[in-house]
Amino acid sequence: MAIEQRDAPAADDLLKGLWRENPVFVQLLGMCPVLAVTNSAINGLSMGIATLFVLVLSNTLVSLLRRAIPREVRIATFILIIASFVTVVDYLIQAVSLELHKSLGAFISLIVVNCLILGRAEAFASRHGVSRAVLDGLGMGLGFTFALLCMGAVRELLGSGTLFGVAVLPDAFQPWVVMVLPGGGFFTLGALLLLINHMQARRAASAIPVEQA
Amino acid sequence: MNRADVIATDSAPRPAWQMYRAMVGVGVVCALLIVAVYLATLDVIARNQVEALERAVLEVVPGAVRFAQRDDLGQPVYAAFDAAGALAGIALEAQGMGYQDTVRILYGYDPAREQVVGLRVLQSRETPGLGDRVETDAAFRANFAALDVRLAPDGAGLLHPVQLVKPGEKTQAWQIDAISGATITSSAVARMLAASAAQWVPILHARRAEFVAPKEATDGD
């Protein structure tokens with residue numbers, strides 16, 4: 001999916017990841033952080049930004065080195081590059097806030113095995129120039145961040161009655177604790193996918209007469 | 001995905017040294033990058049850790065404005081002083097097994113009132129929404145505002161060991177109300193506090209006169 005290489009305008013490299021090929025809602029990639037760390041909006045947002053950072057930098061370096069890396073060892077080399085940037089992000093998050101580092105816990109290191117990042121390195125960055133690879137990483141990263149923020153906001157709102165730690169629902173609201181537990185991640189993802197597929201189905205139905213598939 | 005296979009097989013096999021060159025080269029670049037970032041963030045991270053410890057100590061000892069670490073008692077203890085330089089309390093760490101993983105806490109002991117005056121969770125991986133309520137539940141935290149840890153008359157142990165009771169059944173100042181829905185974690189916190197207090201309160205109380213405000217800190221750090 002999504003690996004066809006037509007000559008799209010540069011803006012499309014950026015925009016496709018936001019919605020049409022959203023890594024979470026459409027490609028269903030990187031489900032481990034999507035389900036695990038989105039128990040609050042701030043956790044979802046920070047995880048998204050950390051992933052965005054790794055994605056843009058690894059796409060850049062992979063694209064720069066794409067002619068120097070033999071095909072036979074490309075996956076190992078990509079993993080090496082990704083792991084290095086994840087380590088960098090780990091130190092940077094510790095420097096920004098230890099609290100944040102504590103709440104994201106082991107999931108920062110697990111960005112290494114987020115298949116979204118390796119997927120973009122292999123499917124896009126290793127076949128395109130640096131500028132397109134950066135735009136692709138930025139678009140996919142922003143799409144991923146958007147999805148994690150949506151998940152985190154919904155789960156925090158229903159599960160704790162707060163949004164970014166600020167109480168927004170009245171005290172009378174009894175929080176649905178299940179929403180911040182692992183099960184709540186599946187419920188939220190399922191509900192959001194239902195909503196998005198429904199919207200896309202409706203749009204496709206109305207677009208058929210104009211657009212020739 | 002077929003495309004990758006096509007690309008991988010359409011070129012002739014390469015000599016091994018090209019692969020070594022690529023991997024070692026990338027490895028060296030990555031290693032340099034990590035070392036550079038590590039060195040650049042080292043100071044900031046160390047400062048963050050000191051600040052986090054400072055915040056925690058000043059939080060578990062109400063009224064304290066500064067503290068001094070003491071390492072010669074077998075585990076670090078933090079003597080916290082109020083603005084007048086008087087000993088406001090002593091903070092120390094305890095840890096034990098929670099529901100998921102080790103839970104580390106820091107609590108403040110006030111030798112003058114013979115009470116635990118504050119408690120904060122330093123590290124926990126307890127279930128969000130259930131076990132982690134030991135950090136957020138106001139009613140549970142209120143247990144540690146003035147928890148009785150008076151010494152027995154002989155000074156060798158506590159008069160009443162710290163005790164966990166069912167939610168809402170706290171009747172004595174040395175009891176801790178558990179949280180329903182977080183029974184294992186709240187009992188773990190109570191257990192590690194009870195064990196640590198039983199061991200350390202007699203020592204700290206006997207040596208309370210030794211904790212004096214360091215001179216150089218009085219001119220403000």
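Biologist: Which side chains does B:Glu59 meet in a salt bridge?

Modeller: A salt bridge is a side-chain nitrogen of Lys or Arg within 4 Å of a carboxyl oxygen of Asp or Glu. In this predicted model, B:Glu59 meets B:Arg120 in one, at 2.5 Å from N to O. The pair links distant parts of the chain, 61 residues apart: B:Glu59 is in helix H2 (residues 16-60) of chain B and B:Arg120 in strand S5 of chain B. Helices (H or I, at least four residues) and strands (E, at least two) are DSSP runs, numbered from the N terminus. Residues are numbered from 1 along each chain as its sequence is written, and chains are lettered from A in the order in which they are written. Local features need pLDDT of at least 70, side-chain atom pairs count only at pLDDT 80 or more, totals for chains, interfaces and linings use all residues, and side-chain values use heavy atoms, with hydrogens and water left out.

Biologist: Are B:Glu59 and B:Arg120 buried or exposed?

Modeller: Buried means under 20% relative accessible area, exposed over 50%, and partly exposed in between (1.4 Å probe, protein chains only). B:Arg120 has 17% and is buried, whereas B:Glu59, at 36%, counts as partly exposed.

Biologist: What else does B:Arg120 touch?

Modeller: Contact means heavy atoms within 4.5 Å. Not counting residues up to four places away in sequence, B:Arg120 touches residues including B:Ala56, B:Val60, B:Ile105 and, in the other chain, A:Glu99. With A:Glu99, B:Arg120 forms a salt bridge whose closest N and O atoms are 3.6 Å apart. Across the interface of chain A and chain B, the rule finds one salt bridge.

Biologist: How many residues of each chain are in contact at that interface, and what area is buried?

Modeller: Buried area is the accessible area (1.4 Å probe) that two parts lose on being put together, summed over both. Chains A and B bury about 2,700 Å² between them, 72% of it on carbon and sulfur atoms. In contact are 34 residues of chain A and 33 residues of chain B.

Biologist: Which residues form a network of salt bridges in chain A?

Modeller: A:Asp13, A:Lys16, A:Arg120, A:Arg132 and A:Asp136 are linked in this way. A:Asp136 lies in helix H7 (residues 130-160) and A:Arg120 in helix H6 of chain A, so the pair ties together parts that are 16 residues apart in sequence. Both A:Asp136 and A:Arg120 are buried. Over all chains, the structure holds 18 salt bridges.

Biologist: Which residues of helix H6 of chain A are buried?

Modeller: In an α-helix there are 3.6 residues a turn, so residues three or four places apart point the same way. In H6 (residues 115-123) of chain A, the buried residues are A:Leu116, A:Ile117, A:Arg120, A:Ala121, A:Glu122 and A:Ala123. A:Asn114 caps the N-terminal end of H6(A), with a side-chain oxygen 2.9 Å from the backbone nitrogen of A:Leu116.

Notes: Polar contact = N/O pair within 3.5 Å; in protein donor to acceptor, adjacent residues only side chain to side chain.
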